[in-house]
Amino acid sequence: MSNHRSVVINGDLGSGKSTVSVELSSRLALRRISVGDMYRQMAEERGMTALQLNLHAELDDAIDSAVDELQSNIAKSGEQLIVDSRLAWFFFHDAFKVHLITEPNEAARRVLARPHSEVERYATLEEAKERLHGRSESERVRFLTRYGADKLRLRNYDLVCDSTRARPDDIVAMIVDAFEGRLGGDILRERPPLLLLDPMRIYPTRAADPADRAFVDEVGDAGPKSLEPLTIGHCGPDYYVIDGHRRLSAAVQNEFRLVPASLLAEGEEQVTGRLSANDYFRVHVTEQVVDAWQRAHKIELPVPALS
């Protein structure tokens, strides 16, 4: 392998980053380090849950300082690694940075299905979902306050991948293809991140008929990696297609779990001369457009966060 960069993977609990990082370590024959494991050990030693330690760390800089110094020293070592950490992308400046996203209910189901531990335990799906969100927000506030670094900003990463329905081995294969230059090379060179999104979670922005059968079959025969990347906008946790409705329709009809895409704008970045990514979502992702898309494709999209 000619690429000598480390690969750092982040994502909230339930996103599958531990599973993906373990398989990626095996696939690339690189040593894996998990900062999350270190953090959970710290919580257990203090008789706390991971969330309690996160909240405590907002008041006690010594906790973050110890973890951050460790990550910084590992990054400076120059060893090529697979690093499972929610902040490694900030410390490993030259690494290939992967961000995993997951639908919140699916993330909660995964965490709830894990064996209970003394550090993390949840009684119900709603409790798991609520506490996972609280932990994520606690971390985000701390990272913003301490470093001015927003873990939710997609431009911080080289690759963003939705693990909601995708199998870990498929995710690992696509990460390796991107890392080694066989997937999304133009996007990664010119305007990262490369997005690998679940087509069942992408919102339309205009009335669009389903793709015709001949095109659907053509796309299905070629496979998702051969699909021309969609052009995507990002608002909060939601993704919407700006260009590529026909290709998205074909992906949905083929039941693809992931499709490649490029990010045109997120948050307050401009989609047009007068509309930010947030404004574009509010104007174009209407109930009528979404309902028509759902009926035409016989699917149900998640309720938009800004609805």
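Guide: A helix here is a DSSP run of H or I with at least four residues, numbered from the N terminus. In this predicted model, residues 287–297 form helix H13, and His 297 lies in it.

Visitor: Why is His 297 called buried?

Guide: Its relative accessible area is 9%. Buried means under 20%, so His 297 is buried.

Visitor: What is His 297 in contact with, leaving aside its neighbours within four places in sequence?

Guide: His 297 is in contact with Pro 210, Ser 249, Val 252 and Gln 253.

Visitor: How do you know what span helix H1 should have?

Guide: H1 covers residues 17–28, twelve residues. The expected span is 1.5 Å times one less than that number, so H1 should span 16 Å. Its end C-alpha atoms are 16 Å apart, which agrees.

Visitor: Which residues of H1 are buried, and what makes them line one face of the helix?

Guide: The buried residues are Lys 17, Val 20, Ser 21, Leu 24, Ser 25 and Leu 28. Seen down the axis of H1, they fall within an arc of 135°, so they line one face. An α-helix has 3.6 residues a turn, so residues three or four places apart point the same way.

Visitor: What do the buried residues of H1 pack against, and which residue follows H1?

Guide: They pack against strands E1 (7–10), E2 (31–34), E3 (81–84) and E4 (96–101), and against helix H8 (168–179). Ala 29 follows H1, with a positive phi near 55°.

Visitor: What makes a set of residues a nonpolar core?

Guide: Its members are buried residues of the nonpolar kinds, joined through side-chain atoms within 4.5 Å. The largest nonpolar core has 54 residues, of which Phe 92, Leu 195, Ile 202, Leu 230, Ile 232 and Tyr 240 touch the most other members. Leaving aside neighbours within four places in sequence, Ile 202 is in contact with several residues, including Leu 230, Ile 232, Tyr 240 and Leu 301. Apart from this core lies another, of 26 residues, among them Val 98, Cys 161, Val 172 and Met 174.

Visitor: How do you know whether the chain's radius of gyration agrees with that of a compact globule?

Guide: With 307 residues, a compact globule would have a radius near 19 Å. The chain has 20 Å, which agrees. Its C-alpha atoms fill a box of roughly 60 × 45 × 40 Å along the principal axes, and buried residues make up 53% of the chain.

Visitor: How many helices and strands does the chain have?

Guide: The chain has 13 helices and ten strands.

Note on methods:
Residues are numbered from 1 along each chain as its sequence is written. This is a predicted model: local features need pLDDT of at least 70, side-chain atom pairs count only at pLDDT 80 or more; totals for chains, interfaces and linings use all residues. Side-chain values use heavy atoms; hydrogens and water are left out. Buried means under 20% relative accessible area, exposed over 50%, partly exposed in between (1.4 Å probe, protein chains only). Contact means heavy atoms within 4.5 Å. Helices (H or I, at least four residues) and strands (E, at least two) are DSSP runs, numbered from the N terminus. The arc is that of the directions from the helix axis to the C-beta atoms. The radius of gyration is taken over C-alpha atoms; the globule rule is 2.2 Å times the number of residues to the power 0.38.
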